[in-house]
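Me: I'm new to reading protein models. Can we walk through one together, feature by feature?

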Amino acid sequence: MGFGCNAAGIVGCRIIDSPRERLMAICTNNFVPCNGRFPTMIAIITMFFVGASLPFMQSIISTLLLMGVILLGVFTTFKVSSLLNKTILKGVPSTFILELPPYRKPQIVKTLVHSIFDRTLFVLGRAMAVAAPAGLLIWLMANITIGDATLLTHCAGLLDPFAKLCGLDGYILLAFILGFPANEIVIPILIMSYLASGSMVDYDNIMQLKTLLVDHGWTWITAICTLLFTLLHWPCATTLLTIKKETQSWRWTLIAFALPTLIGLGLCMLVNLAATLIF
């Protein structure tokens, strides 16, 4: 379920009887890309790794590369689960028995009402509670000028040295930080930052977006590191709130935040260092 929404995947962990294995599943759910991260990943793959291919091969190569990124997330899930199983979540593996319920006549209306009010509105309500204040913060940072630059530019400048170590730049890292409420707004924030506009914008033509990124220093190394960090970075705000509700623990919420973040930053640093030394 995490491929659709990591918050929904966290709620889906309720079916696991073992508390230890439920925590393990919750902490590793974010390693699979949710629906909000797919557009960014597809755009980067299309712009930097598929564009020069023959037309009839573009969709095949794009699919294979995207599948490779997804499999990397699944592989990371298994490895981190194994690590947790040997360290802070030691225990005897349990068996999973799925009992089939008795067959009954479908209650379509009841099911729809239950799904809308008990699931959809619950998740949307939590998303709005975080998105509204975050939207105001982004707007203020993009429109408040200190000296000869906006607050957004100053923050990106402070982050730039560390971001360069990870193969990114300050604007990219800041876009991920400000995209904490929802992964879908990372690219619009990045475009807004590069264009120094006061509001989030988007491009209809993906090649125009590539030109903008290349003009601001993007290389294939930047693209790979951004792709990896899109896959492996902190959960969105709604997912973290859901983790807190499901675990009733700030400790496990912090662990679920720190695991993908540290792995993502570490992997980006290694890739950037290897690419710099080799090429």
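**Pockets, cavities and pairs**

Reply: Let's start with the second largest pocket, which is lined by 17 residues, with Cys13, Ala25, Thr28, Asn29 and Thr77 lying nearest its centre. Keep in mind that this is a predicted model, where local features need pLDDT of at least 70, side-chain atom pairs count only at pLDDT 80 or more, and totals for chains, interfaces and linings use all residues. Residues are numbered from 1 along each chain as its sequence is written, and side-chain values use heavy atoms, with hydrogens and water left out.

Me: What counts as a pocket, and what counts as a cavity?

Reply: Picture a 1 Å grid over the protein atoms alone: a cavity is a set of points where a 1.4 Å probe fits but cannot get out, while a pocket is an open set with protein on both sides within 12 Å along at least five of seven lines, and lining residues have an atom within 4 Å of a point. Grid points are joined across faces, edges and corners, and a volume is the space filled by probe spheres set on the points. Here, the second largest pocket has a volume of about 350 Å³.

Me: Which helices each supply at least two residues of the lining of that second largest pocket?

Reply: Helices and strands are DSSP runs numbered from the N terminus (helices are H or I, at least four residues; strands are E, at least two). For this pocket the suppliers are H1 (6-12), H2 (19-28) and H4 (55-86). H4 gives the largest share, four residues.

Me: How does the lining of the second largest pocket divide by class?

Reply: Ala, Val, Leu, Ile, Met, Phe, Trp, Tyr, Cys and Pro count as nonpolar, Asp, Glu, Lys and Arg as charged, and the others, Gly among them, as polar. By that scheme, the lining has 10 nonpolar, seven polar and no charged residues.

Me: How many cavities of 30 Å³ or more does the search find?

Reply: Two, across the whole structure. The largest cavity holds about 50 Å³ of space, and its lining is Ala142, Thr150, Leu152, Thr153, Met192, Ser193, Ala196 and Ser197. Helix H6 (151-165) and helix H8 (186-195) are the elements giving two or more residues to that lining, which has four nonpolar, four polar and no charged residues. The second largest cavity has a volume of about 30 Å³, and Arg37, Phe176 and His233 are among its lining residues. This lining divides into two nonpolar, five polar and one charged.

Me: Let's zoom out. How many helices and strands are in the chain?

Reply: There are 12 helices and two strands. Along the sequence, the pattern reads α-α-α-α-α-β-β-α-α-α-α-α-α-α.

Me: What share of the residues is buried?

Reply: Buried means under 20% relative accessible area, exposed means over 50%, and partly exposed is in between (1.4 Å probe, protein chains only). Of the 279 residues in the chain, 42% are buried. Take H2: seven of its 10 residues are buried, so this helix is largely enclosed by the rest of the structure. One of those buried residues is Cys27, at 2% relative accessibility.

Me: What does Cys27 touch, leaving out residues up to four places away in sequence?

Reply: Contact means heavy atoms within 4.5 Å. On that basis Cys27 touches Leu84, Trp252, Ile255, Ala256 and Leu259. For the chain as a whole, residues 24 or more positions apart account for 68% of the contacts with a separation of 6 or more.

Me: How many disulfides are there?

Reply: A disulfide is a pair of cysteine sulfur atoms within 2.5 Å, and the count here comes to zero. Cys268 is in no disulfide, with the nearest cysteine sulfur, that of Cys225, 4.9 Å away. Cys268 is also buried, at a relative accessible area of 0%.

Me: And how many salt bridges?

Reply: A salt bridge is a side-chain nitrogen of Lys or Arg within 4 Å of a carboxyl oxygen of Asp or Glu. The count is two. In one, Glu246 pairs with Arg14, the closest N and O atoms being 2.8 Å apart. That pair links distant parts of the chain, with Glu246 in helix H11 (residues 237-247) and Arg14 in the loop between H1 and H2, 232 residues apart. Glu246 is partly exposed at 22% relative accessible area, and Arg14 is partly exposed at 40%. Glu21 forms a salt bridge with Arg20, with closest N and O atoms 3.3 Å apart, and both of these residues are buried.
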